[in-house]
2 protein chains.
Amino acid sequence: VNSSSRKGDRRERELVGELDQRGFAVIRVPASGSGTERELPDLLAGDGGRFYAIEAKASGDDYIYLDREEVAALRHFASKFGAEAIIAARFDYAEWRFYAPASLHRTDGGRYRVKRDDLDDGLPLDALSGGEPF
Amino acid sequence: VNSSSRKGDRRERELVGELDQRGFAVIRVPASGSGTERELPDLLAGDGGRFYAIEAKASGDDYIYLDREEVAALRHFASKFGAEAIIAARFDYAEWRFYAPASLHRTDGGRYRVKRDDLDDGLPLDALSGGEPF
């Protein structure tokens, strides 16, 4: 466990706490938590009305990238569970923001990108509890 | 980890494999996987149509007991995730059987009981994929 993943772990736990405060039941999914080979989402969260499979990424840089396979696995999993697939992004000195995968910029190589300068395109935490699906 | 819990762990992994074979995405939830104090279900399983929060119990004896609090937490969790709460019971030399909590016998002390002699009251694994909700 290097310093970067420790920080990511701390950020993820902070997100769990914030979701919990808003009435969500949350599961932190272990990397080895599957019976299968496929990658699993980082978190599952539900409040009785909305249910999310969440890939959570924190970064001290200006960009967050997600591999095509990572997002494909997230979507696959969400569809199996009747959940919405969302990307949670957290840049330093900013709040968590939430994105539907389809709303993200794709690089020429097919990766999904969240840009710090475009944080306002994401939804804030409070939007998860109600309103329109992502 | 004593011999009994190792065996329970093996049984649980077998169940994950059987669910996986039937097209379910499965998560083994770690005991420490929550952001909260409440107990979590052992497994989550979904196949795109049905979604279950599962408490899985294996026993070499003739009875399986579940505490009132354990089942209450399972139900709470299932309701948050829009899932069905089910108890999976596995006696030696028998197949996994599945029960809605409300269908189980309650002891005078309020515990839920699955009796080896009543295994036929439970549903088999193949019933999870279709048919009536539990």
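Start where the two chains meet: between chain A and chain B there are six residue pairs in polar contact, both partners at pLDDT 80 or more. A polar contact here is a pair of N or O atoms within 3.5 Å; within protein, one must be able to donate a hydrogen and the other to accept it, and residues adjacent in sequence count only if both atoms are side-chain atoms.

Some housekeeping: this is a predicted model, where local features need pLDDT of at least 70, side-chain atom pairs count only at pLDDT 80 or more, and totals for chains, interfaces and linings use all residues. Residues are numbered from 1 along each chain as its sequence is written, chains are lettered from A and ligands numbered from 1 in the order in which they are written, and side-chain values use heavy atoms, with hydrogens and water left out.

**Stop 1: the interface**

Select the side of chain A that touches chain B. Helix H1 (3-21), strand E1 (25-28), strand E2 (43-46) and helix H2 (68-81) of chain A each supply at least two of its residues; helices (H or I, at least four residues) and strands (E, at least two) are DSSP runs, numbered from the N terminus. Colour that side by type and you get twelve nonpolar, eight polar and five charged residues. For the colouring, Ala, Val, Leu, Ile, Met, Phe, Trp, Tyr, Cys and Pro count as nonpolar, Asp, Glu, Lys and Arg as charged, and the others, Gly among them, as polar.

The area buried between chain A and chain B is about 1,800 Å², with carbon and sulfur atoms giving 67% of it; that is the accessible area (1.4 Å probe) that two parts lose on being put together, summed over both. In chain A, highlight Ile27(A), Lys80(A) and Phe81(A): they lose the most area to chain B, together 32% of what that side buries.

How many salt bridges cross between chain A and chain B? The rule finds zero, the rule being a side-chain nitrogen of Lys or Arg within 4 Å of a carboxyl oxygen of Asp or Glu.

**Stop 2: salt bridges**

Over all chains, though, the count is 20. Pick Arg28(A) and Glu12(A), whose closest N and O atoms are 3.0 Å apart. This pair ties strand E1 to helix H1 of chain A, 16 residues apart, and both partners are buried (under 20% relative accessible area; 1.4 Å probe, protein chains only).

Next, select Glu84(A) and Arg50(A), another bridge at 3.0 Å between the closest N and O atoms. Glu84(A) sits in strand E5 (residues 84-91) and Arg50(A) in the loop between E2 and strand E3 (51-59) of chain A. Now hop to chain B: Arg50(B) and Glu84(B) meet in a salt bridge too, 3.0 Å from N to O. Arg50(B) is buried at 10% relative accessible area, and Glu84(B) at 18%.

For a whole network of salt bridges, show Lys7(A), Arg10(A), Arg11(A), Glu14(A) and Asp92(A).

**Stop 3: Phe98(A)**

Zoom to Phe98(A) in strand E6 (residues 97-99) of chain A. Phe98(A) counts as buried because its relative accessibility is 1%. Beyond its neighbours within four places in sequence, its contacts (heavy atoms within 4.5 Å) include Leu15(A), Ile86(A), Leu123(A) and Phe134(A).

**Stop 4: helix H2 of chain B**

Finish on H2(B), whose buried residues include Val71(B), Leu74(B), Phe77(B) and Phe81(B).

How values were computed
Buried means under 20% relative accessible area, exposed over 50%, partly exposed in between (1.4 Å probe, protein chains only).
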